[in-house]
Amino acid sequence: MYSIELMVEEHENILKLLKVIQNACCGILEGEELLDEDFRKMISFAREYADKHHHGKEEQILFQQMTEHLGPIGVNLIQHGMLVEHDLGRLHISELEKALNQYREEPQTIYKLHALTEAMGYANLLQRHIDKENQAVYSYAEKSLLPDVLKSVDERVRLFEAKANENHVQETHLRALDELLEKYSAET
Ligand SMILES: [Fe+2]
Ligand SMILES: [Fe+2]
């Protein structure tokens, strides 16, 4: 199904960001400088692509339909599972931003430590979250939602994509991700 394939593909891009975050954090532990500008770029990808663009489609379209049509199991899985994790991810990102601001203001090790722990907290959370969606949540949606509901999910996702495309959302953020990958793709 179009929507699920697209969202699994987006997960691949988000996983690349998680690898960038991990490599950047390892570099710092090995004595490299914390490059504020690069961490701001990671935050921007996490907010604009992973959250607004990808979680946006999940929350406004697919998960909304699962909550509406799949009874208590759907509500539980989505509202008490997936959406809680999206929120926790947002918290890690805003705490990371706060730590970066503090470190910029006053370069103390404790702020650098906060930045690393929040960045890795986000990366670990999203990794597990994506595994759950790829392995269980999406396939549950595909086999449990009625065909006409799935069809309307696809239609709405196509519209969402087209609108984002007009605003160059995918192009802009995937290019930024490529730049980060060039710098932080070394295996650690
Ligand atoms: Fe999600
Ligand atoms: Fe997802």
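## A tour from salt bridges to iron

Start by selecting Asp 51, Glu 59, Asp 87 and Arg 90: salt bridges link these residues in a network. A salt bridge here is a Lys or Arg side-chain nitrogen within 4 Å of a carboxyl oxygen of Asp or Glu. Side chains of opposite charge can pair when their charged atoms come close.

Some housekeeping before we move on. This is a predicted model, so local features need pLDDT of at least 70 and side-chain atom pairs count only at pLDDT 80 or more, while totals for chains, interfaces and linings use all residues. Residues are numbered from 1 along each chain as its sequence is written, chains are lettered from A and ligands numbered from 1 in the order in which they are written, and side-chain values use heavy atoms, with hydrogens and water left out.

Stop 1: Keep Glu 59 and Arg 90 selected. Their closest N and O atoms sit 3.0 Å apart, and the two form a salt bridge. That pair links distant parts of the chain, with Glu 59 in helix α2 and Arg 90 in helix α3, 31 residues apart. (Helices are DSSP runs of H or I, at least four residues, and strands are runs of E, at least two, numbered from the N terminus.) Glu 59 counts as partly exposed at 28% relative accessibility, and Arg 90 is partly exposed too, with 31%. For these labels, buried is under 20% relative accessible area, exposed is over 50%, and partly exposed is in between, using a 1.4 Å probe and protein chains only.

**Stop 2: two pairs within single helices.** The structure holds 14 salt bridges. Pick Lys 52 and Glu 48, whose side chains meet in one of them at 3.2 Å, N to O. They are 4 residues apart in helix α2 (residues 36–69), so about one helical turn separates them. Lys 52 counts as exposed at 54%, whereas Glu 48 is partly exposed at 28%.

Now jump to Arg 175 and Glu 171, a salt bridge with its closest N and O atoms 3.1 Å apart. This pair is also separated by about one helical turn, being 4 residues apart in helix α6 (residues 169–184).

**Stop 3: the iron.** Select ligand 1, an iron ion. Which residues coordinate the iron ion (ligand 1)? Glu 58 (OE), His 86 (NE2), His 129 (NE2) and Glu 133 (OE) do, at 2.0 to 2.2 Å. Donors are N, O and S atoms within 2.8 Å of the metal (3.2 Å for Na, K and Ca), and water is not among the atoms, so sites may look incomplete. Along the chain, the donors follow the spacing E-x27-H-x42-H-x3-E. His 86 lies in helix α3 (residues 71–105) and Glu 133 in helix α4 (residues 109–144), so this pair ties together parts that are 47 residues apart in sequence. Both His 86 and Glu 133 are buried.

**Last stop: the cysteines.** How many disulfides does a search of the whole structure find? It finds 0, a disulfide being a pair of cysteine sulfur atoms within 2.5 Å. Select Cys 25: its closest cysteine sulfur, in Cys 26, is 7.2 Å away, too far for a bond. Cys 25 counts as buried at 4%, while Cys 26 is partly exposed at 28%.
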